[in-house]
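Colleague: Could we go through this model together? I would like to begin with the charged side chains and then turn to the strands.

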Amino acid sequence: MNKAQLVDAMAAESGLTKVDSKKAIDAFIKVTGEALKGGDRLGLVGFGSFSVVERSARTGRNPQTGKEIKIEAKKVVKFKAGSELSDSVK
């Protein structure tokens with residue numbers, strides 16, 4: 001499902017217009033990004049939680065040449081699904 005399909009599905013489920021549904025999705029993405037950038041954790045009970053974790057530096061391999069390369073440390077977004085979301089997928 002892409003963003004346009006998500007907007008359509010949310011509009012149909014909630015009774016909002018497609019424009020309002022798109023605004024809601026865009027606002028969620030913006031607020032989530034700002035919260036994570038600020039070092040906060042975002043948790044939605046039943047859905048899941050978003051957090052930022054530090055991935056340490058490591059040595060990797062170039063798959064084409066086999067040559068070792070250094071991969072720098074970086075921050076990455078982590079999502080852990082909540083129990084209701086996990087149960088709905090089973």
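Colleague: Which residue forms a salt bridge with Arg 61?

Modeller: Please note that this is a predicted model. Glu 68 forms that salt bridge, and the closest N and O atoms of the two residues are 3.4 Å apart.

Colleague: Is Arg 61 buried or exposed?

Modeller: Arg 61 has a relative accessible area of 54%.

Colleague: How many salt bridges does the count come to?

Modeller: The count comes to five salt bridges. One of them joins the side chains of Lys 18 and Asp 8, at 3.3 Å from N to O. This pair links distant parts of the chain: Lys 18 is in helix H2, while Asp 8 is in helix H1 (residues 3–14), 10 residues apart.

Colleague: And which residue does Asp 26 meet in a salt bridge?

Modeller: The side chain of Asp 26 meets that of Lys 22, at 2.8 Å from N to O. Both residues lie in helix H2, four residues apart, which is about one turn of the helix. Asp 26 is partly exposed at 28% relative accessibility, and Lys 22 is partly exposed at 41%. Salt bridges that share partners join Lys 3, Lys 22 and Asp 26 into one network.

Colleague: Why can such side chains pair?

Modeller: Side chains of opposite charge can pair when their charged atoms come close.

Colleague: Now the strands. What is the order of the strands in the sheet?

Modeller: The order is E1-E2-E5, in an open sheet of three strands with antiparallel pairing. E1 and E5 are the edge strands, each pairing on one side only. From one strand to the next, the twist averages 25°.

Colleague: What packs on that sheet?

Modeller: Helix H2 (residues 18–37) does, touching E1, E2 and E5. The direction of H2 makes about 40° with that of E2.

Colleague: How many bridges join E2 to E5?

Modeller: Eight bridges join E2 to E5 (residues 74–81). Within E5, Lys 75 stands opposite Glu 54, and Lys 78 stands opposite Ser 51. E1 (residues 42–44) and E2 (residues 48–55) pair over three bridges, and Leu 44 has Gly 48 in E2 as its bridge partner.

Colleague: What about the hairpin of E1 and E2: which residue takes a positive phi there?

Modeller: Gly 46 does, with a phi near 90°, and the hairpin has three residues between the strands.

Colleague: Last topic: which residues form the nonpolar patch on the surface?

Modeller: Phe 28, Ile 29, Leu 44, Phe 47 and Phe 79 form the patch, with about 430 Å² of accessible area together. Phe 79 is found in strand E5 and is partly exposed at 36% relative accessibility.

Notes. Residues are numbered from 1 along each chain as its sequence is written. This is a predicted model: local features need pLDDT of at least 70, side-chain atom pairs count only at pLDDT 80 or more; totals for chains, interfaces and linings use all residues. Side-chain values use heavy atoms; hydrogens and water are left out. Two strands pair if DSSP finds at least two bridges between them. Helices (H or I, at least four residues) and strands (E, at least two) are DSSP runs, numbered from the N terminus. Axes are lines fitted to C-alpha atoms, for helices over the stretch in contact, and angles run from 0 to 180 degrees between N-to-C directions. Contact means heavy atoms within 4.5 Å. Patches are made of residues with over 30% relative accessible area and no salt bridge: like charges are joined within 9 Å, nonpolar side chains (Val, Leu, Ile, Met, Phe, Trp, Tyr) within 5 Å. Accessible areas come from the Shrake-Rupley method with a 1.4 Å probe; for residues, only the protein chains shown count as cover. A salt bridge is a side-chain nitrogen of Lys or Arg within 4 Å of a carboxyl oxygen of Asp or Glu. Buried means under 20% relative accessible area, exposed over 50%, partly exposed in between (1.4 Å probe, protein chains only).
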